[in-house]
Amino acid sequence: AKAVVGSLRKGGGENISIDLPKTSDDGDLRIKVLEASSQVVAGMNFKMKIAVFAGEQCIGGLSPIVFRDLQGTYSVTSYGEDIPCETVREMLGSNEEEDE
């Protein structure tokens, strides 16, 4: 399954796609960007914290770094630490409060 991670406003409003393994029979994967930042190097690093859901059920999170080279090619350079669902729920709660 290929999922669009979301718009990274701090990274110029770009959409980044990440390939995820199919984890549910109906293929209903949903991801939400919890945090995102960017760093200019010889290209651009996008650091994210992403929650992954199968339907409405949290299956965990990850904190990848996605690199865009000067030719515009994207690659995942690190998948980072796993994020437990308890932390995902805490982060979603704090993000919802910030949105109000």
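How many disulfides does the structure hold? The structure holds one disulfide, a term that stands for a pair of cysteine sulfur atoms within 2.5 Å. This is a predicted model, in which local features need pLDDT of at least 70 and side-chain atom pairs count only at pLDDT 80 or more, while totals for chains, interfaces and linings use all residues. Residues are numbered from 1 along each chain as its sequence is written, and side-chain values use heavy atoms, with hydrogens and water left out.

**Confidence**

- The mean pLDDT of the chain, pLDDT being the predictor's confidence in each residue from 0 to 100, is 75, and 66% of the residues reach 70 or more.

**Overall architecture**

- The chain has one helix and eight strands, taken from DSSP runs (H or I of at least four residues for helices, E of at least two for strands) and numbered from the N terminus.
- Along the sequence these elements follow the pattern β-β-β-β-β-β-β-β-α.
- Of the 100 residues of the chain, 39% count as buried, which is to say under 20% relative accessible area, with exposed set at over 50% and partly exposed in between (1.4 Å probe, protein chains only).
- Among the contacts in the chain with a separation of 6 or more, 37% come from residues 24 or more positions apart.

**The disulfide**

- C58 and C85 form the disulfide, with their sulfur atoms 2.3 Å apart.
- The pair links distant parts of the chain, since C58 belongs to strand β5 (residues 57-62) and C85 to helix α1 (residues 85-99), 27 residues apart.
- The link of C58 and C85 is left-handed, with -95° about the S-S bond, and both C58 and C85 are buried.

**Strand β4 and its partners**

- Strand β4 (residues 43-54) is largely enclosed by the rest of the structure, because 10 of its 12 residues are buried.
- Strand β3 (residues 29-41) runs antiparallel to β4 and is joined to it by 12 bridges, pairing being defined as at least two bridges found by DSSP between two strands.
- β3 and β4 form a hairpin with one residue between them, and V40 stands opposite M44 in β4.
- M44 also stands opposite R68 in β6, and β4 pairs with β6 in the antiparallel sense over four bridges.
- Five bridges join β4 to β5, which run antiparallel, and the bridge partner of A54 in β5 is Q57.
- The hairpin of β4 and β5 has two residues between the strands, and G55 in the turn has a positive phi of about 65°.

- G61 lies in strand β5 and counts as buried, with a relative accessible area of 10%.
- The C-alpha atoms of G61 and A51 are separated by 4.2 Å, although these residues are 10 residues apart along the chain.
- Leaving aside neighbours within four places in sequence, G61 is in contact with residues including I50, V52, D82 and V88.
- S63 lies in the loop between β5 and β6 (65-68), and S63 counts as buried at 17% relative accessibility.
- A polar atom of the side chain of S63 lies 3.0 Å from the backbone nitrogen of E81.
- Leaving aside neighbours within four places in sequence, the contacts of S63 include M48, K49, Y79 and I83.

Notes
Contact = heavy atoms within 4.5 Å. Polar contact = N/O pair within 3.5 Å; in protein donor to acceptor, adjacent residues only side chain to side chain.
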